[in-house]
Amino acid sequence: LILQDLILSFENYLKTEKRSPKNTLDSYLRDVGQFLSYCKMNNIKKVTKIDSNVITKFYDYLYSLGKSQSTVARVSASLRCFFTYLITLTLVPLPMP
């Protein structure tokens, strides 16, 4: 599946199933959107092409932009939620990063 196609269903999941507060919803969508932009920038267009190396390089990229450790930790939580969602859809195999 193409990564950009998943963001709308993830947003719906956060709203309906997780009933996430607006601030959490906004943060998760922003963080996942930034990650998907990073993937696109690195020619990664399918979720099956993402591994722990890609995510580690993304964190390094965030640090290179001057992001704080607490920001990167929040992004990590956002990505964990996103990949957990993908696992529930059986779009990615276990274990994921």
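Ser20 touches Leu14 and Leu25, leaving aside residues up to four places away in sequence (contact means heavy atoms within 4.5 Å). This serine sits in the loop between α1 and α2, and Ser20 counts as buried at 17% relative accessibility (buried is under 20% relative accessible area, exposed over 50% and partly exposed in between, with a 1.4 Å probe and protein chains only). Please keep in mind that this is a predicted model, where local features need pLDDT of at least 70, side-chain atom pairs count only at pLDDT 80 or more, and totals for chains, interfaces and linings use all residues. Residues are numbered from 1 along each chain as its sequence is written, and side-chain values use heavy atoms, with hydrogens and water left out.

**Aromatic pairs**

- The structure holds 11 aromatic pairs; rings of Phe, Tyr and Trp (its six-membered ring) pair if their centres lie within 6.5 Å, and planes under 30 degrees apart count as stacked, over 60 as edge-to-face and the rest as tilted.
- Tyr38 and Phe58 make a tilted pair, because their ring centres are 5.2 Å apart and their planes stand at 55°.
- Tyr38 belongs to helix α2 (residues 22-41) and Phe58 to helix α3 (residues 52-64), so this pair ties together parts that are 20 residues apart in sequence; helices are DSSP runs of H or I with at least four residues, numbered from the N terminus.
- Both partners are buried: Tyr38 has a relative accessible area of 10%, and Phe58 has a relative accessibility of 0%.
- Phe58 also pairs with Tyr59, with centres 6.3 Å apart and planes at 45°, so this pair is tilted.
- Tyr59 counts as buried too, at 19% relative accessibility.
- One aromatic cluster is formed by Phe10, Tyr13, Phe35, Tyr38, Phe58, Tyr59, Tyr61, Phe82, Phe83 and Tyr85.

**Nonpolar core**

- The largest nonpolar core has 29 residues, and Phe10, Phe35, Ile50, Leu79 and Phe83 have the most contacts inside it (such a core is a set of buried Ala, Val, Leu, Ile, Met, Phe, Trp, Tyr and Cys residues joined through side-chain atoms within 4.5 Å).
- Two or more residues of this core come from each of α1 (3-16), α2, α3 and α4 (69-88).

**Helix α4**

- The 20 residues of α4 should span 28 Å at 1.5 Å a residue, which agrees with the 29 Å between its end C-alpha atoms (the expected span is 1.5 Å times one less than the number of residues).
- Buried residues of α4 include Val72, Val75, Leu79, Phe82, Phe83 and Leu86.
- Thr90 follows α4 and has a positive phi, near 55°.
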